[in-house]
Amino acid sequence: MQERIFLSPPHMSGNEMKYIQEAFDTNWIAPLGTNVDKFEEELCAYVGIDHGLALSSGTAGIHLALKYFGVGPGDYVFCSDLTFSGSCNPILYQYAHPVFIDSEPETWNMSPTALERAFEWARKENKMPKAVIIVDLYGQSADYDQLLPICEQYGVPVIEDAAEALGATYKGKKCGTFGHVGIFSFNGNKIITTSGGGMVVSNDEEAIKKMRFWSTQSREAAIHYEHKEVGYNYRISNISAGIGRGQLQALGGFIDNRKYIFDQYKEKLKGLPLRIMPISVHGQPNYWLTVITLEEGIKLTPGAIISQLGQENIESRPLWKPMHLQPVFSETPIFYHKETEYIGMYLFKYGICLPSGSSMTQAQQDLVINTISGKFAKVE
Ligand SMILES: *Cc1c(COP(=O)(O)O)cnc(C)c1O
């Protein structure tokens, strides 16, 4: 059987070893070190923001941001419903209550109309959120010109979860720079990886300073380890940051590759009763994953296609299962795009994430495409 084709495997560029070697040569295996400082600087320069804090994960970044905005027991936090659990688990770490907001159909990101209704509800019920977490899903920016004014109107800060969207833009500006605080992930399946890691970015120097303090166990300036506040061990290692520096240099090429893969799927799956994810005119995605949705009323289900691909040793998956349908978040309020139109549920029911890794070969992609087409030919 041919080698397994993964959804989004790590893709090393060759630049990474240089920075790892430097860390070994200088014995800066730990703590922190030049690679960490440089990775922060280089990533901030790339996205166009002033300050960055490299961490052990993107989830840690969201946790620190929530803490920075004073989220604590009993507070409310709005969050995109169609996302990975890393977006909202930190709300529970702070013993706060999530409120989920459905997607809109244009980018599958947070629906402005649902957000408006959630704020109206919060005002009436006296449950104003301390923060809103807006996700840039599958590498495409949310519609910030619609969303930010609503949050501003209520004076609630935005945390931009750009974990999947490094390198994507919205009206010429890079994702991660739209919230008061933005976060990125360098988990193994993201567009660049440090084998595990994340970063918080902001133009607010004080915010980053405070989060930096908490991320290193809240150590006061004293030789004997003095602590006035609870802290976390959330920093990235100098080795991992070295991988990140090499990866960042290759990011432009990775985006080109993923866009090519998206274009091929679009071209070669044409004519089948399915749709490729919509791309908004407002931005350039990084094409992290190509997602298709099957048309309603056909015989084939995503499950049948996923298992057919599985037989060819190809990994594919449904979309993120909406958070408010997750047992751990049951009892959580959800605001639909329209009172009777739940976009996230529809996408979860009909969508499939296809292999989209930047190292995927033409032959591998053709196998994915032919397997899908072959399944349709048999069933339809
Ligand atoms: C991957 C991901 C995260 C979490 O990042 P980690 O680095 O794995 O902690 C958060 N939000 C979204 C949308 C993600 O895709």
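Select helix 3 (residues 58-68) and helix 7 (residues 205-215), whose axes come within 10 Å and cross at roughly 115°; axes here are lines fitted to C-alpha atoms over the stretch in contact, with angles running from 0 to 180 degrees between N-to-C directions, and helices are DSSP runs (H or I, at least four residues) numbered from the N terminus. The crossing of this pair is right-handed, a term for the near helix being turned clockwise from the far one by less than a right angle. Now show side chains: Leu64, Ala65, Lys67 and Tyr68 of helix 3 make the contact with Glu206, Ala207, Lys210, Met211, Trp214 and Ser215 of helix 7, where contact means heavy atoms within 4.5 Å. By class, six of these residues are nonpolar, one is polar and three are charged, with Ala, Val, Leu, Ile, Met, Phe, Trp, Tyr, Cys and Pro counted as nonpolar, Asp, Glu, Lys and Arg as charged, and the others, Gly among them, as polar.

This is a predicted model, in which local features need pLDDT of at least 70 and side-chain atom pairs count only at pLDDT 80 or more, while totals for chains, interfaces and linings use all residues. Residues are numbered from 1 along each chain as its sequence is written, and side-chain values use heavy atoms, with hydrogens and water left out.

Next, select helix 8 (residues 238-268) and helix 11 (residues 362-379), whose axes come within 11 Å and cross at roughly 35°, again in a right-handed crossing. Tyr260, Ile261, Gln264, Tyr265 and Lys268 of helix 8 meet Gln362, Gln365, Asp366, Val368 and Ile369 of helix 11.

Finally, select the ligand: a polar side-chain atom of threonine 59 lies 2.5 Å from a ligand oxygen atom, and a polar side-chain atom of aspartate 161 lies 2.7 Å from a ligand nitrogen atom.

Technical notes. A polar contact is a pair of N or O atoms within 3.5 Å; within protein, one must be able to donate a hydrogen and the other to accept it, and residues adjacent in sequence count only if both atoms are side-chain atoms. Helices (H or I, at least four residues) and strands (E, at least two) are DSSP runs, numbered from the N terminus.
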